[in-house]
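Visitor: I would like to learn how to read a model like this one. Could you take me through it, feature by feature?

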Amino acid sequence: MRAGGRSRPAVIVYSLIVTRRRILQLLIGATGSALVLLLFWRPQRLAHLVSRRFKPRLDATAPGVLSEREMQTIVAFTAVLVEGRELNTHEAGYVVEHVTDKAGKTPGYLSLYQKTAALLDRLAGAPFSSLSLEQRIGLMKRHRLTDSDVRIRECLRPWGRETLAVRALAVPDLIGGYYLSPAGWAAVGYEAFPSRCGDLTRYTSAKA
Amino acid sequence: MAAGDGVREAEVCIIGAGAAGGIMALELARRGIGVVVLESGPRHDLGRRGEYSRRFVKGENPWESPLKGIDRYTTGGSVGYRLEWNRARGVGGSTLHWEGTTLRLRADDFRMRTLHGVAEDWPISYEELESYYGKAERALGVAGTPDDPWASPRSTAFPLPPFPLSFSDGFFARACRRLDIALHHVPQARNSLAYGGRSRCHACGTCHVCPTGAKASTDLTHIPQAVATGQADVVADATVLRLEVDGSSQVRSVVYAGGDRRERRLSARLFVVAAGGVETARLLLLSASPDFPRGLANRSGLVGRYFTSHPMIDVTGRVAERVYPYRIGFSTAMSGQFAVPRDRQRRGAFLLEFLNSAGSLPGEIAPVSGAWGRRSASA
């Protein structure tokens, strides 16, 4: 062993270079083979892997508060999604509560709602909330904004990512948030439900 | 009790203001013994429970620990168990969020080695404990009826009438009859009638956060009474960091800190560590010293090992009939048929519990069903 120098003989170094290349070749080969195998034997698994990689995801931006105009846009959008009509004051309040809560507490949601509002206003060519209900429904149908079922091939397209993010992230969130509120329980005919205290005898009978 | 700059003194110091600590504080204070209770978590005022219950239905944990850094748990085993959701730091401890189910152990549970050749016998028997069960049931206000055919004998009546079986219990009762499984009521530490200065249950459906105080929790049942004697003082947001021993190997003081992270010391004649299954072990291990290098009370080396809780396995299914779930947040029917001795040398005991709050919520169904979007799009 030489003091201060490399202790391994040159032949080992040479062999290491060859091994690296070989490893690289093997890796490429193995990855390709795995993809082919997955494609033919486990297409659903491959689809899952692809969609997980390319499906829109929340970013990690800080929570915060939506502007009044952005909130109006989100409420007008949610009204079409959840009821297909204008919401009354209580129902709109449930949307505002959900959106304020999520945007103010969970990273990424403020940004998602802001991008959703910006996209809707841009597609409308005016404040989205100023459109009539029919115009809003028409616009949303045209751009498939009521459809949260995002296909894998859509995830692979480089264009339309904003619309995709709205469909994949904002639509299910807004529908879920609305129906998690008393409006959801009203939709299934409930008067008594978690967090609304009332009649202790109701639970013993077939009364919603 | 004398309070100095960063140093306090008490006759007895109780660590943890939960089920055990709260009850202990009251029992000692009633006997004129000065108690200081150090509680790591905050006070959760009853007035805020309405807000808590609304957060709970949104899937939030209102009892989430303010000390997230030290409350990250992992569990082993094949059955997942969310330890964070089954613990609560605060005055009241885990009674803040428990469901209120107050089952007694069965007499044979105390004699597993003798009867079945497994585990170990307890050093006390059910018969010795029985009168204390009755006392605890009166203190908490347990609603029930002695219709469990597998329960061990009891000498006292339940202080409150039982909650009637739910509408969906009727479905299970019919099915169980065909399978020769008998149902019985679930004893509940929850007011079926006004009791102990607390209102009756108003079926709010969020029992892990009871907004009315109908569910017994020691922050409502025991601790206020203990404080009212003038003998007990509860210090919230005071996390005990370690117990200190003197030259004679006696614990003489604890070091604790609040939100300001300044260390304070409390001396007492006696200490009760009542911080729950996890925190009690952690504190004993944190109290290692040259005399006790493996922590306190740990000559066996078993402190912090073999912790076992009671996991649940949920089984859900769809039925054609409406069962109206989520109108109350607690269970009203169960069967103890499979907790009886039969084959306990081969198999652990288990209870069949029929949940009244189960199944998907409207807010969970709507986004995945697609019905709402399509309906509106075709409007």
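**Strands, fold and contact**

Guide: Let us start with a parallel pair: strand 2 (residues 35-38) and strand 4 of chain B run parallel, joined by 4 bridges. Two strands pair if DSSP finds at least two bridges between them; helices (H or I, at least four residues) and strands (E, at least two) are DSSP runs, numbered from the N terminus. This is a predicted model, where local features need pLDDT of at least 70, side-chain atom pairs count only at pLDDT 80 or more, and totals for chains, interfaces and linings use all residues. Residues are numbered from 1 along each chain as its sequence is written, while chains are lettered from A and ligands numbered from 1 in the order in which they are written.

Visitor: Which residue stands opposite B:L38 in strand 4 of chain B?

Guide: That is B:V235.

Visitor: How do I read an antiparallel sheet?

Guide: Strands of a sheet pair through backbone hydrogen bonds, either parallel or antiparallel. Here, 3 strands of chain B form an open, antiparallel sheet in the order 3-8-9. Strand 3 (184-185) and strand 9 (352-354) of chain B are at the edges with a single partner strand each, so one side of each has no neighbour in the sheet. Strand 3 of chain B pairs with strand 8 (residues 333-335) of chain B over 2 bridges, and B:H184 has B:M334 as its bridge partner in strand 8.

Visitor: What is the radius of gyration of chain B?

Guide: The rule for a globule is 2.2 Å times the number of residues to the power 0.38, and the radius is taken over C-alpha atoms. For 379 residues, a compact globule would have a value near 21 Å; chain B has 23 Å, which agrees. Chain B holds 10 helices and 9 strands, and 39% of its 379 residues are buried.

Visitor: How many residues does the contact take from each chain?

Guide: Residues are in contact if their C-beta atoms, placed from the backbone, lie within 7 Å. Chain B gives 35 residues and chain A gives 36 residues. On the side of chain B that touches chain A, helix 10 of chain B gives the most, with 5 residues.

Conventions. Two residues are in contact if their C-beta atoms, placed from the backbone, lie within 7 Å. A residue is buried if 20 or more other C-beta atoms lie within 10 Å of its own, exposed if 12 or fewer, and partly exposed in between; C-beta atoms are placed from the backbone.
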